[in-house]
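Please look over the sequence and the coordinates before reading on.

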Amino acid sequence: MAGKKERSIWVFGDYRDYFENRVTLQLLSRANELAGKIKATVAAVVFGNNVDEWVGEYIAHGARKVYVIEDPALQDYSMETYSILMERLARKHEPEIILVGATTFGREFAPKVAKKLGTGLTADCVGLDINKEGLLVQMAPSFGGNLLAEIVTPVHRPQMSTVRPGTFQEIPHDNQAAGDVIRVPLPRDLPKDRLRVISAKRWEQTGQRLEDAKVVVCGGRGMGSRAKYKKLFELAELLGGEVGATRPVVYSKWVDEEALVGQAGKQVAPEVLFSFGVSGAIQHTAALSEADFIIAVNKNANAAMMKMADVAIVADAGQLCTALIRELKDRIRH
Ligand SMILES: Cc1cc2nc3c(=O)[nH]c(=O)nc-3n(C[C@H](O)[C@H](O)[C@H](O)COP(=O)(O)OP(=O)(O)OC[C@H]3O[C@@H](n4cnc5c(N)ncnc54)[C@H](O)[C@@H]3O)c2cc1C
């Protein structure tokens, strides 16, 4: 073994919202199954401050090794610093595979690390396996979810994937499990973080989650303005639903990113989806495949969204929204 590096599969320890966000544990579980096929060790990587609790949890859920960089300076998740730390650790220890949960953080963090390491990354995987050549097979929906692509990274290392939460089952907590903890000091030569967290406030979930809503009212650029888009909230409330958005709406800051529906946002599965002023780009409609019934409003009858709708109404989105609100209020009154 002299001089030969141990093969390893790393899982990034994303411990924020630990009790709801189980993706790290799910990845540790799958990593163990994959490790058996390529004779590798499973390691978790944890950055932060006062992280012992998570280190213990990861060992109890299948990590045989945990690399820890702990320092008060790492209290807040920092995209820049964390990606540099991951790059340096990976360059030193040369893991075969790095798995990251496709959380809001992971979806930005993993590509940054992959870029720094000069390797590939398959985003939003829904399956992982090892093929006959010992390569990681990364299964990811493509072409708007119509195809499941099996992607391998034959040359560059590490092989990197982000994986959707809920894809794998976590291994039950095992108090008897043992693992090595490798504490790595925080490098002193890190560039100054360009981002400084002044305060952090938890985003309060009001009402139901967009992903679980039975009625979703989704607005696109065709709503015309922030003020008109905000009317959708009134309509959604009357219908007992939640409000979604397309990317231009989020970029225009008419609504928070939490409302983004699509490839880069949330998947929805309502009984009824209202779509106001949405063109129907594949990156958006990829997240609508589970919607039972779609009502689209667009001034262009040929918009892709109108073609895929069960009911397509050619109208001004803002005006129709106002008219619907009026009608629903009238019905409630009488
Ligand atoms: C890698 C990548 C990932 C992406 N991920 C996502 C994602 O997750 N979610 C997402 O939504 N997009 C995503 N996009 C962007 C996507 O490609 C589209 O650009 C976006 O969905 C278009 O949003 P829109 O329909 O609101 O705007 P537009 O395409 O500008 O469409 C506006 C629509 O409103 C109609 N309209 C205009 N005025 C009115 C009116 N007065 N009344 C009624 N209708 C009107 C127009 O006819 C048009 O159909 C992604 C793109 C890339 C490259």
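**Helices, ligand shell and backbone exceptions**

H9 in this predicted model has 17 residues and reaches 24 Å from its first C-alpha to its last, close to the 24 Å expected at 1.5 Å a residue.

Q: Within what arc do the buried residues of H9 fall, seen down the axis?
A: The buried residues of H9 are Ala317, Gly318, Cys321 and Leu324. They line one face of the helix, because seen down the axis of H9 they fall within an arc of 125°.

Q: Which exposed residues are carried by the face of H9 turned away from its buried side?
A: The buried side of H9 holds Ala317, Gly318, Cys321 and Leu324, and what covers these buried residues includes H5, E13 and E14. The face turned away from that side carries the exposed residues Gln319, Ala323, Arg326, Glu327, Asp330 and Arg333.

Q: Which residues of helix H2 are buried?
A: The elements that cover the buried residues of H2 include helix H1 (23–38), strand E2 (41–48), strand E3 (65–70) and strand E10 (180–183). H2 is followed by glycine 62, whose phi is positive, near 120°. Within the helix, residues 52–60, the buried ones are Val55, Glu57, Tyr58 and Ile59.

Q: Which element supplies the largest share of the shell around the ligand?
A: The ligand is surrounded by 27 residues, the closest being Gly220, Gly222, Thr246, Gly262 and Ser279, and the shell divides into ten nonpolar, 13 polar and four charged residues. Helix H6 (247–251), helix H7 (282–285) and strand E14 (293–298) each supply at least two residues of it. The largest share, three residues, comes from H6.

Q: How far apart do the C-alpha centres of domain 1 and domain 2 lie?
A: The chain is divided into domain 1, residues 8–183, and domain 2, residues 210–333, and its C-alpha trace spans about 80 × 45 × 40 Å along its principal axes. The C-alpha centres of the two domains are separated by 35 Å.

Q: With which residues is aspartate 76 in contact, leaving aside its neighbours within four places in sequence?
A: Aspartate 76 has its place in the loop between E3 and helix H3 (79–93), where it counts as partly exposed because it has 14 C-beta neighbours inside 10 Å. Its C-alpha atom is separated by 7.6 Å from that of valine 197, although the two are 121 residues apart along the chain. Leaving aside neighbours within four places in sequence, aspartate 76 is in contact with Val197 and Ala200.

Q: Does asparagine 300 count as buried or exposed?
A: Asparagine 300 is found in the loop between E14 and helix H8 (304–308), and its C-alpha atom is separated by 43 Å from that of serine 78, 222 residues away along the chain. Because asparagine 300 has 12 C-beta neighbours inside 10 Å, it counts as exposed.

Q: What is omega for the peptide bond that joins arginine 157 and proline 158?
A: Most peptide bonds are trans. Proline 158 lies in the loop between strand E8 (147–151) and strand E9 (159–163). The bond joining arginine 157 to proline 158 is cis, with omega about 0°.

Q: What phi does aspartate 124 have?
A: Most residues other than glycine have a negative phi. Aspartate 124 lies in strand E5, residues 121–125, and counts as partly exposed because it has 17 C-beta neighbours inside 10 Å. Although aspartate 124 is not a glycine, its phi is positive, about 60°.

Terms used: Residues numbered from 1 in each chain as written. Predicted model: local features only at pLDDT ≥ 70, side-chain atom pairs only at ≥ 80, totals over all residues. Buried ≥ 20, exposed ≤ 12 C-beta atoms within 10 Å, placed from the backbone. Helix = DSSP H or I, 4+ residues; strand = E, 2+ residues; numbered from the N terminus. Contact = placed C-beta atoms within 7 Å. Near = placed C-beta within 6 Å. Nonpolar A, V, L, I, M, F, W, Y, C, P; charged D, E, K, R; others polar. Domains from an automatic or database assignment. Expected span 1.5 Å × (residues − 1). Arc of directions from axis to C-beta.
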